[in-house]
Amino acid sequence: MGTIGTEEQHGDLKLDAEFVAVVVYTTSGAYPSEGHERVKITETVSEILSKAASTLKLTDTSDWVATVDGSEIDPSKSYEANELKGAFTVQWGPRETGGGC
């Protein structure tokens, strides 16, 4: 998962133990459209997913999953509870299902 020291600069964003830098990628685009959004580590992941859904005009995301570095995270929990630090990308979309023969 994303990691960072005690304080670091990520683009124009100053990050420390209290903040993370997040970008959400979906099949319909990215939120924010450029760079990362600086958010408190105590904020729930669902808050930025809600902003992404609104901005990107996504309709039914009820069965979507969020992953970071290939690992599924719990959007109802904070970044801190999901053990996310630093700057990272949340991939958000429908769960991939395996095809059959």
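The model you are looking at is predicted. The protein has one helix and eight strands, and along the sequence they follow the pattern β-β-β-β-β-α-β-β-β. Of its 101 residues, 39% count as buried. Below is a tour that starts with the core and ends at a few backbone spots worth a look on screen.

**Overall surface**

- The protein exposes about 6,100 Å², and carbon and sulfur atoms supply 45% of that area.

**The largest nonpolar core**

- Which residues touch the most other members of the largest nonpolar core? They are Val22, Val24, Tyr79, Phe88, Val90 and Trp92, out of 21 residues in that core.
- Two or more residues of this core come from each of β3 (19–26), α1 (45–55), β6 (64–68) and β8 (87–94).
- Among these elements, α1 gives the most, with five residues.

**Helix α1 and what covers it**

- The buried residues in α1 are Val45, Ile48, Leu49, Ala52 and Ala53.
- Why do they sit on the same side of α1? They cover an arc of only 145° around the axis, which puts them there together.
- The cover over the buried residues of α1 includes β3, β4 (29–31) and β5 (37–40), along with β6, β7 (71–73) and β8.
- Ser46 is also in helix α1, but Ser46 is partly exposed because its relative accessible area is 32%, between the 20% and 50% limits.
- The side chain of Ser46 makes a polar contact with the side chain of Thr44, at 3.0 Å.
- Ser46 and Ser78 are 32 residues apart along the chain, and 8.4 Å separates their C-alpha atoms.
- After α1 comes Lys57, which has a positive phi, near 55°.

**Strand pairing around β8**

- β3 and β8 run parallel and are joined by five bridges.
- Val22 stands opposite Phe88 in β8, and both residues are on the list of those touching the most other core members.
- β6 and β8 run antiparallel, with four bridges between them.
- Thr67 has Gln91 in β8 as its bridge partner.

- Not counting residues up to four places away in sequence, Thr26 touches Leu56, Leu58, Trp64 and Trp92.
- A polar atom of the Thr26 side chain lies 2.9 Å from the backbone nitrogen of Ser28.
- Trp92, one of the residues touched by Thr26, is also named among those touching the most other members of the core.

**Backbone spots to check in the loops**

- The peptide bond from Tyr31 to Pro32 is cis, with omega near -10°.
- Pro32 itself is found in the loop between β4 and β5.
- Where is Asp69? Asp69 lies in the loop between β6 and β7, and its phi is positive, about 50°, although Asp69 is not a glycine.
- Asp69 is exposed because its relative accessible area is 62%, over the 50% limit.
- Glu83 is in the loop between β7 and β8, and Glu83 has a positive phi of about 60° although it is not a glycine.
- Glu83 counts as exposed because its relative accessibility is 61%, over the 50% limit.

Definitions and conventions. Residues are numbered from 1 along each chain as its sequence is written. This is a predicted model: local features need pLDDT of at least 70, side-chain atom pairs count only at pLDDT 80 or more; totals for chains, interfaces and linings use all residues. Side-chain values use heavy atoms; hydrogens and water are left out. A nonpolar core is a set of buried Ala, Val, Leu, Ile, Met, Phe, Trp, Tyr and Cys residues joined through side-chain atoms within 4.5 Å. Buried means under 20% relative accessible area, exposed over 50%, partly exposed in between (1.4 Å probe, protein chains only). The arc is that of the directions from the helix axis to the C-beta atoms. Contact means heavy atoms within 4.5 Å. Two strands pair if DSSP finds at least two bridges between them. Accessible areas come from the Shrake-Rupley method with a 1.4 Å probe; for residues, only the protein chains shown count as cover. A polar contact is a pair of N or O atoms within 3.5 Å; within protein, one must be able to donate a hydrogen and the other to accept it, and residues adjacent in sequence count only if both atoms are side-chain atoms.
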